[in-house]
Each structure stands twice: as C-alpha cells, then as structure tokens.
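The following note sets out points for a colleague reading this entry. It takes up the ligand surroundings and then the fold as a whole.

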Amino acid sequence: MEATAAPEGPPGQATETVFRSCPVCEASCGLVVAVDRAANRVVSVRGDAEDHRSRGYVCAKSQVVKDLHEDPARLRRPVRRTENGWEEMEWEAALALVGERLAAIRAAHGNNAVAMYYGNPNGHNFGAQIYTQLFITLLETQRFFSAGSVDQQPKNLSCELLYGSAWTFPIPDLDRSDFFVCMGANPLVSQGSLMSAPDAGGRFEALRARGGELVVIAPRRSETAAIADWHLFIRPGTDAFLLFALVNLLFASDRVHLGHLAGRIDGLERLRELAAPFTPEAVAGITGVAADDIRRLCERFCAAERPVIYGRIGLCTQEFGTLASWLVDVVNLLRGRLDAVGGAMFPRPATGQGEDSDSVGELLRGRWHSKVRGLPEDMSMLPATLMAEELAWEGQERARALITVAGNPVLSVPNGDRLREAIDGLDFVVALDIYINETTSRADVILPSTVQLEHSNYDFLFQSTSVRNFARYSPRVLAPEPGARDQWQLMLEICGRVNGLTVEQLDAMIFEGLAERVGARLPGVGAERVKELAGTEPGPERLLDMMLRAGPHGDRFAGGEGLTLARVKAAEHGIDLGPLTPGRLPGILRTEGKRIRLLHPLLEEDLGRLRERLRAGPPPGLLLIGRRHIRDMNTWLHNLPHFVRGRNRCTLRMHPGDAAGRGLADGATALVRSAAAERAVPVEISDEMMPGVVSLPHGFGHRHADTGQPHAQAHAGVSANDLIGDGLDLPSGTSIVNGVPVEVRAVPP
Ligand SMILES: Nc1nc2c(c(=O)[nH]1)N[C@H]1C(S)=C(S)[C@@H](COP(=O)(O)OP(=O)(O)OC[C@H]3O[C@@H](n4cnc5c(=O)[nH]c(N)nc54)[C@H](O)[C@@H]3O)O[C@H]1N2
Ligand SMILES: Nc1nc2c(c(=O)[nH]1)N[C@H]1C(S)=C(S)[C@@H](COP(=O)(O)OP(=O)(O)OC[C@H]3O[C@@H](n4cnc5c(=O)[nH]c(N)nc54)[C@H](O)[C@@H]3O)O[C@H]1N2
Ligand code: SF4
Ligand SMILES: [Mo]
C-alpha cells in the first residue's frame, strides 16, 4: 500500500471528519477526509479502516481530492478565449453564449453539425451519469465519440451479443476463486477494472494463501505478473488465438461442462467446428506461447475447483479486441464458470439496473456510418480514432461545433495532432472541463464544474463492476464557489438552452419518467405515490432515492426496513450487500427466449480477419504496448506537483536483447517510429519486457505551450497516441493501442 501518513491539522484547529469514497478510479476506496470548514479546505486524507471494501487501503491517488481542489491552475469560473488570452466570464453570460451559439449552429446546419466527445471522469460522477442519457438524446447527434472506444467497447459489444445487454458485465469472483487467469490487466496498479477491487494485491495474496493460484498472461512482467504463480508472455494482439486453443482443447478432450446453463446455449456445435483449426500447435507460433504451456494451462484450469478467466484493457484495445473479450466469456461458459461462485458473476446494484427483465435487447449498431471511412456507429458512437478525420471532413453536412465533456482526446485518443487541427477549423467549441489542457485550449469557452469534494456522489457505475455488492453515498465535503455548477447542471443547462427548455423542466421530465417506470413496477404503490414520497427537491439525489427504494433491497415505498437514500446516507462507511450471487442467469438475460447465443454473424465475420492474421503471421518489427503507473490517471494528474515529481516515468521499456541489438544503453534517447509518427523517448532497459515488445505509458505529451498547466508542461513526456495511428478492432470500432508495429533506433550522433 502506497499509503499516506495523515498529517493532522495544527493543534487547536477545528477539523471535522467526513467519510466518503475516492472518485479517482473504479476501486472507490473509503476515505477519511479531515476538513477545516472555516477555511474550506482539506486538512488530510487517509484510508478508512471501517470501509468494508477497502479496509483502510488507499493508493497515492487518494490525495488527488485535496491536491486538485487546491491547484491554482484549476478553473473555478467560466473562461472565454479572446485575442488577449483567456478571460473570465460571469456564469449567466457564459451559459447564454454557449446556448446561443450551439442553438444557432443546430438551427442552420442540423443536429449533426454539433459533435461531442465524452470522457472518463463522467463515469466517476453520479450526477453526470444520471443525466447522460437525456443529454445525449436531446443533442441527438450522429457525431458522438467517447473514451469508451479506447477502452471497454469490445466488452460492451460481446456482452450485448451474449446476454442482450451491453452493460451486463460478468465480474470475476476474485475473493472466492482458486485459479485466477488474469489476461491483459494489471490490477495491482489499476486496482481492477470491470473488476472493482480495492487492494487488489491483498486480494491476490489471500487467493494464494487459501491455496489458489494466480496466472498472468501479458507481454510484460507487470506488477501483477511479478506476484503471480505463473506468468506467460504473449505476443500483443494474439489472445484470441490462445483462447481459441483453449476452446479447441475443451471440445477435443470432452471437457465441456455447461453446468446450470446446459440447455440454454445455442451454437455449441458450430463453435466446435470453428475452433477445430486452432490447436495449441497451430497458435504457438503467432502467440509466442508454447503448445505445452497452452495444454498445461487448460489442464490446470480444468483441474481447479473454482477457476476463472478475466481479461481487460490489453484484451480490449488490441487488434482482436471483440473476439478476445468474447472468448474470455466463452471459456468460462464452457466450463460452467459463468454465473458460478468463484467464477464470473453478475453484480446486483442496489439501484436496480441488474434485475430480471422480460425485455429483449436490440443490437444498436450500423444505423449510420462515419463520413470518411464509412465505418458503422456502435451504441450511437463512432470510433474515437476517427474523430480527427470526421471533424475535418469538408462535405456538405460537415461538423461545425464540438462539446467536450470531461475528456482530453488530443492526448487520450490516436491522431491527436490532426484532431487539434480539426478542432481549430470548427466554428464553435465548448469544453466542460476544469483545466486548460491540450484539448480544451482549443475551445472558445470552458465551463468548469465543481470538483470531487464539492459535490455529493454515489458509486453508481461501479456497483455493476464490483467484486462484492455494495451501496455507498459520499457527501459533499467542501463548499463550491458562488455560482459554481455541478457537472449535471452544466449538461442540463446546455441541452436545455439548445432545446428551449430550463434545467428544472428537464429534471422534471426525468423525474416524471422515472416515477412512471418505478410506479409501474410496484403495482400496490403507483406513480403518484412514488412522486409524493420522492419530495420536491430537484436534482440527482431524489432520483437516486427512488431507484434505491424501488431496487432489490429497497423499502418499496412501503416503510419498513428496506433501503432508502436516507439509510444509505446514514451508513457513513458504505453498506455491504454481500458477495456476488450465482443463479442470476437466465433471469437477467435480455435475449430472445432467454437463450445464450454463442455465435453471432458479426463474430463469425471477424473470424475471417483472425484466420488471415494466422496466415500472414505477426506484423514485422517491434510491437508497442501501453503501461499504467500508480501515480498517473490517464492525462489529468500531471499538473499536481506530488504526482509528477521524481524520476521521469514516460520511458520506453525494452528488453535488454532488443536494446543491445540497436546499440541502446539504459537512459539513452531512442527514436520510435510508427506508421503515424516518430518520437524521441528515453529508454529504460528491463527484462520485464517480452523480447520484441516495447512499452510506453499513455497520458503524457504535454508539449503544447498554450495550455494552462505549467507543471504538466515541465514534465511533458511524449504522447503514446501520437505513435498509434488508425488501427481498429473492426467489430467494435475500438482503437488498437496495444500491439502497434514500431521501429526503434538510437538517435544518430
Ligand atoms: N494509448 C492509450 N490510450 C488510451 C488508453 C491506453 O491504455 N493507451 N486508455 C484509454 C482509457 S481506458 C481511457 S478511460 C481514456 C481516457 O480518456 P479521456 O477521458 O479523454 O482522458 P482523461 O485524461 O481521463 O481526461 C479527463 C478530462 O476530464 C477533466 N476532468 C477531470 N475531473 C473533472 C471534473 O470533475 N469535471 C470536469 N468537468 N472535468 C474533469 C480533465 O481535466 C481532463 O481534461 O484514455 C484512453 N486512451
Ligand atoms: N494508476 C492508475 N490506475 C488506473 C488508471 C490509470 O491511468 N492509472 N486508469 C483507469 C482506467 S481508465 C482503466 S480503463 C483501467 C485499466 O485497467 P487495466 O486493464 O488493469 O490496465 P493496464 O494497467 O493498462 O493493464 C493492461 C495490461 O495488459 C497488458 N497487455 C498489453 N497488450 C496486451 C495484449 O495484447 N495481450 C495481453 N494478454 N496483455 C496485454 C499490459 O502489459 C498491461 O499489463 O485502469 C484504471 N486505473
Ligand atoms: S485505488 Fe483508486 S479509489 Fe483507491 S485510493 Fe487509489 S485512486 Fe482512489
Ligand atoms: Mo478507462
């Protein structure tokens, strides 16, 4: 644990203690925040030993909530770009300007003239999430991009195909598994993703202490691999081959056991046929994993009592992201490890998103296409990699405006330089952001929301990704500046002004709609009674109260002991709703006849691409992969001095053999060239790398002089995404950021 001693305030200073969860990563660890109300500042932040999920664990990023609040470079009021630089604006004037400009552009050129990019921090902000659907629906643009297509989109798609719902993620039961295969993830650093697990390291230690084994499959001996019982190097982008070989072995050795899902699964015979060519011997060359090791992995997986396979970023953001993400579930399924204790199970959020349903999900894909390359929309989004070319496209119905919502695509998405240029060609740009950074510096107006400790929160999304069911409310700790708005208010202000509606009207629409749905589900109660009990205070909390009360643990608006928001608030350290439970399938399936269809035409079609890669062999040269560090969070912590001090982390890690062959010594500067660009980066020689693979973290590259982040600029580094280029996992439109061919050479003298 990279913990933090708690400097208490000076003696005699009146500090108050507030408990809340950390909004920086999915783990959502419990924090103890000491606050000086009079000075409206945080005195200290430390881990909450009474939080049942994190039990006192926190990482260095727990201090972000304090540092970010205090960063003088953080925007507190709207700013407008003028010829003389950035100028502060009054809130009403700024909102009016944004509303007028966007409305005028829509009126003249249609809804699609306004593009939007939606970034990661929204997923950590309950208010923003609750109104997101409305925001997107009312902007109704076919030029919608998000960080999701440099992230989990392949898993969304595979879940949609298998279970009928893109957000029904099977989550590994880390605390009860006895054979954990971790592919393309580094939970010791990330603290788990689509597996929210504070103190992942402690949980893996516990797994080993109870006689279980941890296997890590990744092209780098990561922090997680370093504590594993077995680490297998794999060539980037080839996991689908390895997983197919496991499927092949399960069929060939007659070890398919479907458990309680037998009789619900379609496509088994077809899958057997498709897997037939992918023997361990056939895939050993391309994956770099010996056939014997693949066989041994299969043996040990089958011999274990509670095995599970889990895959994340390294499996999603690669050449065969959808196939690999799908095959992880397929292998679990073929061994009866889906919806089973110690396997992969489905969380049950207290707000009711994971309940049984009779509805049948519709695959939302291909309803429109990108202008330049004609690639299909997926879940209403176009691939983020295409954002630069789509915004630069000069046809008749071209893009004219852009809204960025807590995102920094110039650094976090491939083709950042082209994107900056394309943004400059637009008529109007508004950024909902708290910094002037590589992306938002191109905006006409920046609208900063309240930050983390200035608004309340509820861990909404991460109820669906957590390794244990829980409910957790976080109170507001610090008073915002006068006039400041929460992110949800800004979102409603914008779509309200563009559509001629007020924030109150929009909130009322959501409220009425939710009350109707909740009322319909509770026949004895009805919508009118729901509305009466929900109160009159507009905003996300009254919606949250309704969802909790109507949810699986709720009081059903009938009094009694069930959950209400007030009860969740009263539980300062969060409420433990127990381990994940099996038997959620078939109830939660949103598929035709509640069957699981193993294959889908989209997947079968993509198998053509996989076979072609096997025939062609791996791409030539070195393959570039990414890397995460404890003190980085994508692009946005680099202006906080505590998070950039020390050694330069933006280095190219390289195997000693690869370095020697190129005359590169440790610390030397290398030129890394890809199809997209060439960049100079310091080399760090390390045998943690698989030979033939080099690693560079993303989120750096703060080289533009026009940002308002002096500390970030002083630790600029290089943007990995400059090197990454156009490659996509075709079915999902996800950027291939792992497994990018590069050449590396020493800087000529
Ligand atoms: N090469 C490569 N690229 C990657 C990845 C990779 O592994 N390799 N990972 C991808 C992944 S998984 C992700 S999620 C994306 C992230 O992609 P983005 O979401 O585009 O990037 P972030 O750095 O998270 O951007 C956060 C932005 O939100 C702002 N912000 C932070 N807090 C707040 C707030 O409270 N309110 C408001 N209004 N703004 C706020 C910050 O100033 C910053 O501009 O990057 C992806 N890009
Ligand atoms: N400290 C910190 N924590 C974070 C973040 C952060 O930036 N910093 N970001 C958060 C976000 S937005 C996300 S989405 C999560 C991501 O959480 P993780 O998925 O755990 O992310 P990474 O640490 O990028 O781990 C990816 C792993 O995949 C390996 N890999 C790369 N290519 C391949 C491949 O082709 N095959 C296989 N098998 N492995 C491969 C890499 O070596 C690396 O170990 O982390 C979250 N947590
Ligand atoms: S692991 Fe994530 S949630 Fe926990 S303290 Fe660190 S950043 Fe915050
Ligand atoms: Mo992410």
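1. The shell around ligand 2 has, by class, 12 nonpolar, 12 polar and 7 charged residues. The model is a predicted one, and the remarks below should be read accordingly.

2. Around ligand 2 there are 31 residues, of which Ser190, Gly237, Asp239, His629 and Asp632 come nearest. As for secondary structure, helix H5 (187-190) and helix H12 (313-316) each contribute at least two residues to this shell. The largest share, 3 residues, comes from H12.

3. Polar contacts of ligand 2 involve both side-chain and backbone atoms of the protein. With the side chain of aspartate 239, an N or O atom is 2.7 Å from a nitrogen atom of the ligand. On the backbone side, a polar atom of isoleucine 217 is 3.0 Å from a ligand nitrogen, and a polar backbone atom of isoleucine 630 is 3.4 Å from a nitrogen atom of ligand 2. Of the 930 Å² of accessible area that ligand 2 has on its own, the protein covers 97%.

4. Ligand 1 has 28 residues around it, and Tyr117, Asn120, Ser412, Asp433 and Thr635 come nearest. By class, this shell holds 13 nonpolar, 12 polar and 3 charged residues. Helix H15 (409-412) and helix H26 (720-724) each supply at least two of the shell residues.

5. Which side chains place a polar atom close to ligand 1 can be stated individually. Aspartate 433 has a polar side-chain atom 2.6 Å from an oxygen atom of the ligand. In tyrosine 117, an N or O atom of the side chain is 2.7 Å from a ligand oxygen.

6. Turning to the fold, the protein contains 26 helices and 32 strands. Its radius of gyration is 25 Å, close to the 27 Å given by the globule rule for 749 residues, so the protein is as compact as a globular protein of that length. The C-alpha trace spans about 75 × 65 × 65 Å along its principal axes.

7. How much of the protein is buried? Of its 749 residues, 62% count as buried. The protein exposes about 26700 Å², of which carbon and sulfur atoms supply 51%. Among contacts between residues at least 6 apart in sequence, 74% join residues at least 24 apart.

How values were computed: Residues numbered from 1 in each chain as written. Chains lettered and ligands numbered in written order. Predicted model: local features only at pLDDT ≥ 70, side-chain atom pairs only at ≥ 80, totals over all residues. Heavy atoms only, no water. Near = heavy atom within 4 Å. Polar contact = N/O pair within 3.5 Å; in protein donor to acceptor, adjacent residues only side chain to side chain. Helix = DSSP H or I, 4+ residues; strand = E, 2+ residues; numbered from the N terminus. Nonpolar A, V, L, I, M, F, W, Y, C, P; charged D, E, K, R; others polar. Areas by Shrake-Rupley, 256 points an atom, 1.4 Å probe, with all protein chains shown as cover. Rg over C-alpha atoms; globule rule 2.2 N^0.38 Å. Buried < 20%, exposed > 50% of the residue type's maximum accessible area, 1.4 Å probe, protein only. Contact = heavy atoms within 4.5 Å.
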